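Hello again, notebook. Today I am going through one model entry by entry, and I will jot down each thing as I look it up.

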Amino acid sequence: MMLAFLLLFGVQKPVDGFEAHTFKNMPYRLFTPGGYDRTHQYPLIIWLHGSGSIGTDNFKQISGASLRGTHTWTAALVQAAHPAFVLAPQLRKGSWFSEMSLVLELLDSLEGELSIDTSRIYVTGQSLGGFGTWDYIAAKPGLFAAAIPLCGGGQISSASAIAKIPIWAFHGAADRSVPVTETRTMIAAVKQAGGNPRYTEYPGVGHEVWLRAFQETGLVEWLFAQHK
């Protein structure tokens with residue numbers, strides 16, 4: 001009831017440390033590390049949600065199906081070891097590819113305001129956001145230090161451009177929404193281009209692979225160990 005009231009009147013309070021903002025009509029949430037110190041640079045994780053979080057409420061992209069994709073990085077133990085920003089824009093319609101210029105403009109704006117370690121900018125997303133993750137690293141291979149695409153797919157023609165980017169991809173073998181061949185094909189293409197991507201496929205698991213992926217042993221440490 002209270003959340004509905006706040007949304008109705010345009011008043012949005014922080015949720016689990018995620019502050020609500022808008023950039024050129026794109027709603028987004030930003031988590032800032034506790035004890036933020038401008039003299040220190042922090043990595044930043046961009047979260048690209050799935051189609052179920054499309055909207056303008058500025059909440060679905062950090063809740064529900066997007067809970068693990070955002071809160072994995074903001075958990076107290078993780079932040080204690082790896083303080084980092086987490087940026088969660090909300091797609092209003094279309095695809096992450098169609099909104100790429102706006103997301104990158106937002107990122108550029110934040111880099112001008114905050115003390116962000118530009119050698120440690122990461123991107124991850126699931127389903128629609130998994131496709132977006134592949135698209136973003138293909139379009140800006142020099143920007144991202146690592147990528148974690150879940151149950152998505154990309155263009156094999158981009159394999160050579162992204163071969164040097166650390167990638168850990170996830171897919172469920174029983175996915176009926178996005179065929180597992182989408183990720184298998186991309187991983188094979190990147191390997192053929194000389195890359196060394198990591199790939200975890202879960203037998204018998206369907207589309208909601210994020211329920212398993214963000215609990216994968218070593219995932220957090222792997223991500224934060226990546227630098228450009």
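Which backbone oxygen lies 3.3 Å from a polar atom of the side chain of Thr-183? I find that it is the backbone oxygen of Gly-152. I call this a polar contact, meaning a pair of N or O atoms within 3.5 Å; within protein, one must be able to donate a hydrogen and the other to accept it, and residues adjacent in sequence count only if both atoms are side-chain atoms.

**Ground rules.** I am working with a predicted model, where local features need pLDDT of at least 70, side-chain atom pairs count only at pLDDT 80 or more, and totals for chains, interfaces and linings use all residues. I number residues from 1 along each chain as its sequence is written, and side-chain values use heavy atoms, with hydrogens and water left out.

**Thr-183.** I place Thr-183 in helix H7, residues 181–192. Helices (H or I, at least four residues) and strands (E, at least two) are DSSP runs, numbered from the N terminus. Thr-183 counts as buried because its relative accessible area is 1%. The cut-offs are under 20% relative accessible area for buried and over 50% for exposed, with partly exposed in between (1.4 Å probe, protein chains only). Leaving aside neighbours within four places in sequence, I see Thr-183 in contact (heavy atoms within 4.5 Å) with Gly-152, Ala-169, Phe-170, His-171 and Tyr-199.

**Gln-192.** I stay in helix H7 for Gln-192. Gln-192 is exposed, at a relative accessible area of 73%.

**S7, H7 and S8.** I looked up how strand S7 (residues 168–172) meets strand S8 (residues 198–202): they run parallel and are joined by five bridges. Two strands pair if DSSP finds at least two bridges between them. From S7 the chain crosses through H7 to S8, and this β-α-β crossover is right-handed. Right-handed here means that, with the strands pointing away from the viewer, the path from the first strand over the helix to the second runs clockwise. I also note that Trp-168 stands opposite Arg-198 in S8.

**Helix H4.** I count 14 residues in H4 (residues 100–113), which reaches 20 Å from its first C-alpha to its last, close to the 20 Å expected at 1.5 Å a residue. The expected span is 1.5 Å times one less than the number of residues. Its buried residues include Val-103, Leu-106, Leu-107 and Leu-110. An α-helix has 3.6 residues a turn, so residues three or four places apart point the same way. The cover over the buried residues of H4 includes strands S1 (18–23), S2 (26–31) and S5 (116–126), along with helix H5 (128–139).

**Ser-115.** I find Ser-115 in the loop between H4 and S5. Ser-115 is buried, at a relative accessible area of 10%. Its side chain reaches the backbone oxygen of Arg-38 at 3.3 Å, and the backbone oxygen of His-40 lies 2.7 Å from a polar atom of that side chain.

**Two asparagines.** Which kind of phi does Asn-25 have, positive or negative? It is a positive one, near 75°, in a residue other than glycine. Asn-25 sits in the loop between S1 and S2 and is exposed at 60% relative accessibility. Asn-58 also has a positive phi, about 60°, but Asn-58 is buried at 2%.
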